[in-house]
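Biologist: I would like to learn how to read the features of a protein model. Could we take them one at a time?

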Amino acid sequence: MDVLEKKKTKMQKTAQKTKKAKPRVKNQKASDRKMTDKINSVQKEGEHSRNRDEERARKREARRRKVRRQKIAIVVVVVLLLVGIGSSIVFCLPALRVSRKLSAGDKYTRNSDYQMAQTSYEEALQIDPTTVKAYRCLAQNDLAQNDSTAAKEILYTGWETTQDEGLLNYYCTVILNEAVAELNDKICNMGTVDKCVQVLEKNPANADAISLLDTCYKRLFRKEDENPVCTLFMDEDVSTESCQYDAYEQNVRRMYAVYVSQPSDELLACLTHYMLLDAEQIYFTSAHAESYLTLLKEINQTINNTQVTDLIACLDKAMEMKQYFAGMFGEFEDGNFESAKDFILTNEYQELRDSFINGNSGYWAGSDFIPVNQDNLVLHYGENGYQFSFLDYNDYENTQGVITVWGNVQMDDGVQRTSISYEPASENGEYYPHKEYVIIYCYTNVGNAAQHMPQMNFHFETRTTTEEGMTTDAIFDWGGEHEWEKSY
């Protein structure tokens with residue numbers, strides 16, 4: 001109980017005592033009024049005191065609330081600062097920065113703004129070079145701009161950096177799509193084959209690459225049109241590399257390397273096809289034919305294919321014949337036609353002549369007049385397997401000279417003639433005048449005007465063809481006792 005209540009209680013007790021005493025009649029009312037006023041005064045003082053205490057309490061509560069609000073405000077500010085700092089840190093994390101760049105690039109791509117898209121994707125790679133999506137998106141942008149070369153480069157770089165198989169598969173798909181486009185456009189060449197081999201080098205089990213290689217092979221070597229001749233491996237001029245043989249050999253060697261590293265029946269079948277070249281006719285520049293033979297021998301040591309072995313035997317025979325006639329080319333080029341006399345009388349030459357006459361020339365295809373040259377070789381494939389031949393003068397305008405073996409039946413009183421001829425390279429690239437030198441060993445009459453007797457002797461003819469026709473300067477019993485000349 002507070003002070004005011006105590007005073008009030010005390011005064012009430014005093015009043016009660018006064019009532020119990022013998023009342024005084026005089027001045028009783030005045031006394032009561034004073035007491036009442038005093039009580040009212042005390043009550044007012046108590047009320048005022050309570051109001052003052054309540055006011056103080058309100059002020060104390062107001063101060064407490066203010067302090068509490070300040071503390072809360074401080075806490076909020078601190079929290080906000082911490083959140084802001086944390087947000088800034090998170091906002092600057094590499095993963096989020098990359099995500100923002102990728103999103104920006106995607107937006108630019110949708111608007112076909114490929115330059116800005118490229119910049120965004122490249123910036124993503126600068127932040128994190130292992131971002132697979134950035135490489136993929138850059139490649140897609142390049143392809144959208146018909147730049148498959150750039151797309152392949154970025155995909156391969158991405159694969160090297162990340163080793164992501166998806167990027168490698170995408171890279172292979174872009175390459176194979178290029179090959180398919182070339183096949184569809186009918187411009188298949190060794191570059192098309194190269195694309196398929198590139199894919200095999202990255203993924204030897206890629207069935208699509210092997211399938212496309214088979215398609216390329218059919219387009220390149222199995223001619224189905226009116227001209228069955230494949231000229232991929234013959235240079236227009238022996239002095240200048242202009243054909244696709246070198247590219248072919250590189251592709252085959254790369255295929256072989258893939259097979260050695262990861263053998264499979266499918267890849268072996270594909271490799272064997274490319275080795276055999278079972279086209280009806282394939283023209284080779286002579287040097288390329290020699291390289292081809294070397295290639296076959298090297299690879300067949302591993303695959304040991306019987307058909308390849310037969311092809312090797314055919315080409316070995318061709319190289320043997322080429323070497324056999326090499327000396328005579330030198331003699332003829334030097335104008336030493338006399339040397340042909342001994343050459344055509346050798347058993348080897350006459351056996352060669354008879355093999356054509358009798359139709360058992362083996363790997364060497366031909367009959368009657370069989371050309372030989374040092375410039376090129378023709379590989380034949382048919383029912384009888386592989387054979388070879390050489391182009392004659394009219395089939396190759398840049399020839400350095402042609403020797404012709406006469407393998408036809410020419411009898412003089414039952415004696416078979418032995419003949420050979422030589423056509424030198426044209427002068428100044430012009431066919432006319434065209435020269436042909438013919439050496440014949442035959443059984444004919446020789447002698448003087450008084451007497452002729454049949455005996456073996458040589459004839460030498462120089463045939464000159466011009467636009468007007470041909471003239472022949474002949475020497476009979478050439479080098480003999482009764483040599484004589486005639487022109488016609």
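Modeller: What follows goes from the whole chain to single residues. This is a predicted model, in which local features need pLDDT of at least 70 and side-chain atom pairs count only at pLDDT 80 or more, while totals for chains, interfaces and linings use all residues. Residues are numbered from 1 along each chain as its sequence is written, and side-chain values use heavy atoms, with hydrogens and water left out.

Biologist: How many helices and strands does the chain have?

Modeller: Helices (H or I, at least four residues) and strands (E, at least two) are DSSP runs, numbered from the N terminus. In this chain there are 15 helices and 13 strands.

Biologist: What share of the residues is buried?

Modeller: Buried means under 20% relative accessible area, exposed means over 50%, and partly exposed lies in between, with a 1.4 Å probe and protein chains only. Of the 488 residues in the chain, 39% are buried.

Biologist: What share of the contacts joins residues 24 or more positions apart?

Modeller: Contact means heavy atoms within 4.5 Å. Among contacts in the chain with a separation of 6 or more, 55% are between residues 24 or more positions apart.

Biologist: Which residues touch the most other members of the largest nonpolar core?

Modeller: In soluble globular proteins, nonpolar side chains tend to be buried together. A nonpolar core is a set of buried Ala, Val, Leu, Ile, Met, Phe, Trp, Tyr and Cys residues joined through side-chain atoms within 4.5 Å. The largest one here has 107 residues, and Phe 221, Tyr 248, Tyr 274 and Phe 325 touch the most other members. Helix α13 (residues 306–333) gives the most to this core, with 13 residues. Not counting residues up to four places away in sequence, Phe 325 touches several residues, including Phe 343, Trp 364, Val 372 and Ile 420. A second, separate core has six residues, among them Met 234, Tyr 283, Leu 391 and Tyr 396.

Biologist: How many disulfides are there?

Modeller: A disulfide is a covalent bond between the sulfur atoms of two cysteines. The rule used here is a pair of cysteine sulfur atoms within 2.5 Å. By this rule the count is zero. Cys 270 is in no disulfide, and the nearest cysteine sulfur, that of Cys 196, is 8.5 Å away. Cys 270 counts as buried because its relative accessibility is 6%. Cys 230 is also buried, with a relative accessible area of 0%.

Biologist: Which residues are closest to the centre of the second largest pocket?

Modeller: On a 1 Å grid over the protein atoms alone, a pocket is an open set of points where a 1.4 Å probe fits, with protein on both sides within 12 Å along at least five of seven lines; lining residues have an atom within 4 Å of a point. Grid points are joined across faces, edges and corners, and the volume is the space filled by probe spheres set on the points. The second largest pocket holds about 180 Å³. It has 13 lining residues, and Asp 392, Asn 394, Thr 404, Glu 423 and Glu 436 are the closest to its centre. Strand β6 (401–407) gives the most to the lining, with three residues.

Biologist: Where is Thr 404, and is this residue buried or exposed?

Modeller: Thr 404 is in strand β6. Thr 404 counts as buried because its relative accessibility is 9%. Leaving aside neighbours within four places in sequence, Thr 404 is in contact with residues including Tyr 349, Phe 369, Ser 421 and Glu 423.

Biologist: What should I look for in the backbone angles?

Modeller: Most residues other than glycine have a negative phi, and most peptide bonds are trans. Asp 368, in strand β3 (residues 368–373), has a positive phi of about 65°. This residue is partly exposed because its relative accessibility is 40%. Asp 413 has a positive phi near 55° and sits in the loop between β7 (411–412) and β8 (415–416). At 68% relative accessible area, Asp 413 is exposed.

Biologist: Where is the cis peptide bond?

Modeller: The cis bond joins Tyr 432 and Pro 433, with omega about -10°. Pro 433 lies in the loop between β9 (418–424) and β10 (434–447). Glu 467 is 34 residues from Pro 433 in sequence, and their C-alpha atoms are 7.8 Å apart. Glu 467 is in the loop between β11 and β12 (469–476).
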